[in-house]
Amino acid sequence: MALGMDNAAKRRNGRGNDSPAQPGHNQDILGKAYREMLLIRRFEEKAGQLYGMGLIGGFCHLYIGQEAVVVGMQMTLQDGDEVITSYRDHGHMLATGMEARGVMAELTGRIGGYSKGKGGSMHMFSREKGFYGGHGIVGAQVSLGIGLAFANWYREDGKVALAYFGEGASNQGQVYESFNLAALLKLPCIFIIENNRYGMGTSVERASASKDLSKNGAPWGIPGEQVNGMDVLAVKAAGERAVAHCREGKGPYLLEMQTYRYRGHSMSDPAKYRTREEVQKMREQSDCIETVRKLLLEGGTSEADLKAVDDEVKAIVQDAAEFAQSSPEPDESELWTDVLVESR
């Protein structure tokens with residue numbers, strides 16, 4: 001089976017109306033998930049490399065290990081649905097269909113970036129792709145996410161909004177305020193906790209009295225479930241249930257994705273709060289990409305097909321890295337642009 005995607009499919013970048021995977025697994029669904037997760041993994045590895053070379057400044061939070069969460073969720077959405085997330089956002093950008101070139105160029109502060117080199121890692125947006133930004137203030141994107149959902153509810157347009165946040169943000173006051181308003185108005189919002197087990201410098205066990213974060217919306221009557229966030233098929237299935245719930249006008253839904261980040265909180269974090277053996281065990285036993293790779297091989301996909309996908313992805317990432325280094329820095333005049341939105 002050829003896993004390469006045509007240009008139209010690449011632009012959709014994971015969105016579609018695929019049916020849930022059947023026993024034995026659907027090779028097309030797995031093939032799409034494999035390519036999208038691999039693109040995120042290779043992109044983030046390259047970003048880490050460029051950061052180490054001093055070509056990316058400021059903060060840089062990598063998504064390596066968590067790829068199944070955003071890829072699985074994107075496979076449940078339709079054009080017009082919206083996504084908003086925190087500062088660990090490069091994977092979400094790519095999954096929604098934003099170009100690798102534009103994302104990488106923004107990381108290096110070049111004019112070819114999505115924010116013309118002025119926003120950096122945490123401040124990129126694409127209304128065209130339904131991506132409403134990574135946000136640097138912990139938990140702030142959740143209240144913005146229900147704003148997106150409120151607009152959809154008000155317009156009665158059938159769209160849903162996804163608000164991603166980490167377990168470290170799950171006990172922020174603004175998160176619970178958002179739960180309350182979303183439940184009160186039955187807003188079509190899916191709250192997604194990406195529980196990668198560690199906040200900035202400590203484990204969720206030490207930081208949260210609530211041990212089952214999927215129940216955090218229970219006081220407001222928000223249904224929730226825990227999901228194996230290292231299994232893209234499990235994520236997709238849970239996402240379909242949540243999306244259907246919202247589109248039927250039943251209000252918000254909460255998904256706790258139990259996942260794992262392989263790198264530190266950011267590139268400046270040595271992650272001494274966990275052992276190397278723990279990280280290696282997760283890589284060997286639960287890696288989301290390797291799991292799908294094995295399923296594809298069991299389903300009849302050849303090693304040559306998989307290598308072709310890997311080569312394609314590497315070429316896209318290398319092209320993005322070269323573009324990000326060759327694109328000019330923004331002119332000083334850009335300091336005065338995009339400050340205000342002109343009324344129409």
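Guide: Let's start at R197, which sits in the loop between β4 and α8. Those labels come from DSSP runs, numbered from the N terminus: helices are H or I runs of at least four residues, and strands are E runs of at least two. Before going on, bear in mind that this is a predicted model, where local features need pLDDT of at least 70, side-chain atom pairs count only at pLDDT 80 or more, and totals for chains, interfaces and linings use all residues. Residues are numbered from 1 along each chain as its sequence is written, and side-chain values use heavy atoms, with hydrogens and water left out.

Back to R197. Its phi is near 85 degrees, a positive value in a residue other than glycine. R197 counts as partly exposed because its relative accessibility is 37% (buried means under 20% relative accessible area, exposed means over 50%, and partly exposed is in between, using a 1.4 Å probe and protein chains only).

Now look at Y198, which is also placed in the loop between β4 (189-195) and α8 (204-207). With a relative accessible area of 10%, Y198 is buried. So what does Y198 touch, once its neighbours within four places in sequence are left aside? The list is E167, S203, Y260, R261, Y273, R274 and E278, where contact means heavy atoms within 4.5 Å. For a sense of scale, Y198 and R276 are 78 residues apart along the chain, and their C-alpha atoms are separated by 14 Å.

D338, in the segment after α12, has a positive phi of about 60 degrees although it is not a glycine. D338 counts as exposed, because its relative accessibility is 55%.

Next, the aromatic rings. Searching the whole structure turns up nine aromatic pairs. One of them joins F150 and W153, whose rings are tilted, 5.2 Å centre to centre with 45 degrees between the planes. (Rings of Phe, Tyr and Trp, taking the six-membered ring of Trp, pair if their centres lie within 6.5 Å; planes under 30 degrees apart count as stacked, over 60 as edge-to-face and the rest as tilted.) F150 and W153 both belong to helix α6, three residues apart, which is about one turn of the helix. F150 is partly exposed at 35% relative accessibility, and W153 is partly exposed with a relative accessible area of 35%.

Then there's the pair of Y176 and F179, which is edge-to-face, with 5.7 Å centre to centre and 85 degrees between the planes. These two are three residues apart in helix α7, so about one helical turn separates Y176 and F179. Y176 is partly exposed at 22% relative accessibility, whereas F179 is buried at 1%. Ring pairs also link Y176, F179, F191 and W220 into a cluster.

The axes of α6 (residues 140-155) and α7 (residues 173-185) come within 8 Å and cross at roughly 15 degrees; axes are lines fitted to C-alpha atoms, for helices over the stretch in contact, and angles run from 0 to 180 degrees between N-to-C directions. That is why α6 and α7 count as roughly parallel to each other (under 35 degrees; over 145 is roughly antiparallel, 65 to 115 roughly perpendicular and the rest oblique). In α6, the residues A140, V142, S143, I146, F150 and W153 meet Q174, V175, S178, L181, A182 and L185 in α7. By class, this contact of α6 with α7 has nine nonpolar, three polar and no charged residues (Ala, Val, Leu, Ile, Met, Phe, Trp, Tyr, Cys and Pro are nonpolar, Asp, Glu, Lys and Arg charged, and the others, Gly among them, polar).

Last stop: α12, the helix that comes before D338. The axes of helix α5 (residues 100-107) and α12 come within 8 Å and cross at roughly 40 degrees. That makes α5 oblique to α12. A100, R101, M104 and A105 of α5 make the contact with I316, D319, A320, A321, F323 and A324 of α12. Those residues divide into eight nonpolar, no polar and two charged. Helix α2 (residues 27-52) and helix α12 (residues 303-326) also have axes that come within 9 Å and cross at roughly 40 degrees. By class, the contact of α2 with α12 has eleven nonpolar, two polar and six charged residues.
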